[in-house]
Amino acid sequence: MCVDDVEWEQLDWGSTGWVVRPQNVADASKMCVLDVKLDIGKGHDFHTHPNQEEIILVRSGTVEQWIGRERKFLTAGDSAFIPMGQVHASFVPTDAREPVRLFVVLGPSFGPNGYEAVDCSTEEPWASLRPT
């Protein structure tokens with residue numbers, strides 16, 4: 001796949017490049033691969049993938065990574081594993097010097113998009129867990 005083949009989706013917190021999913025790679029039944037850009041001061045709020053495991057590799061920048069109630073700051077070269085069904089979130093600090101780039105792999109591929117996310121950001125304890 002060429003970089004020009006990646007389909008980009010603009011979101012409130014950044015953008016997602018669909019590298020591998022059933023819609024653009026017909027045989028993609030075991031994994032979904034994303035190129036993710038998180039904008040400064042934004043993030044993918046608390047959510048879960050009930051039917052998928054996830055690995056996040058930080059390509060550039062610094063990300064505030066939550067897995068359950070545990071928060072870590074990850075930089076380029078760091079990674080995080082999120083078990084199936086685990087609530088997690090990724091944020092870029094407001095004082096960051098650059099947006100964050102992530103390489104994300106989820107498996108197995110799930111549903112027509114290869115990706116399933118359930119928002120938990122308005123539920124407790126997630127709604128009040130992160131200091132503002």
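Reader: Why is histidine 44 called buried?

Author: In this predicted model, histidine 44 has a relative accessible area of 19%. Buried means under 20%, so histidine 44 qualifies.

Reader: Where does histidine 44 lie, and what is it in contact with?

Author: Histidine 44 lies in strand S4, residues 43-48. Leaving aside neighbours within four places in sequence, histidine 44 is in contact with Trp13, Leu38, Ala89, Ser90 and Tyr115. Contact here is heavy atoms within 4.5 Å.

Reader: What makes strands S7 and S11 the edges of their sheet?

Author: Five strands form this open sheet, in the order S7-S6-S9-S4-S11, with antiparallel pairing. Strand S7 (70-75) and strand S11 (118-119) each have a single partner strand, so one side of each is left without a neighbour in the sheet.

Reader: How do you know that S6 and S7 pair?

Author: Pairing needs at least two bridges. Six bridges join strand S6, residues 62-67, to S7. Therefore the two strands count as paired. They run antiparallel, and isoleucine 67 stands opposite glutamate 70 in S7.

Reader: Which residues touch the most other members of the largest nonpolar core?

Author: That core has 17 residues, and Leu34, Val36, Leu38, Val63, Val100, Leu102 and Val104 touch the most other members. Strands S3 (32-38), S5 (53-60), S8 (79-82) and S10 (100-107) each supply at least two residues of the core.

Reader: What does valine 36 touch?

Author: Not counting residues up to four places away in sequence, valine 36 touches Trp13, Ser15, Thr16, Val100, Arg101, Leu102 and Val104.

Reader: Which residues does the second core include?

Author: The second core is separate and has seven residues, including Phe46, Trp66, Cys120 and Trp126.

Methods
Residues numbered from 1 in each chain as written. Predicted model: local features only at pLDDT ≥ 70, side-chain atom pairs only at ≥ 80, totals over all residues. Heavy atoms only, no water. Core = buried A, V, L, I, M, F, W, Y, C linked by side-chain atoms within 4.5 Å. Buried < 20%, exposed > 50% of the residue type's maximum accessible area, 1.4 Å probe, protein only. Helix = DSSP H or I, 4+ residues; strand = E, 2+ residues; numbered from the N terminus.
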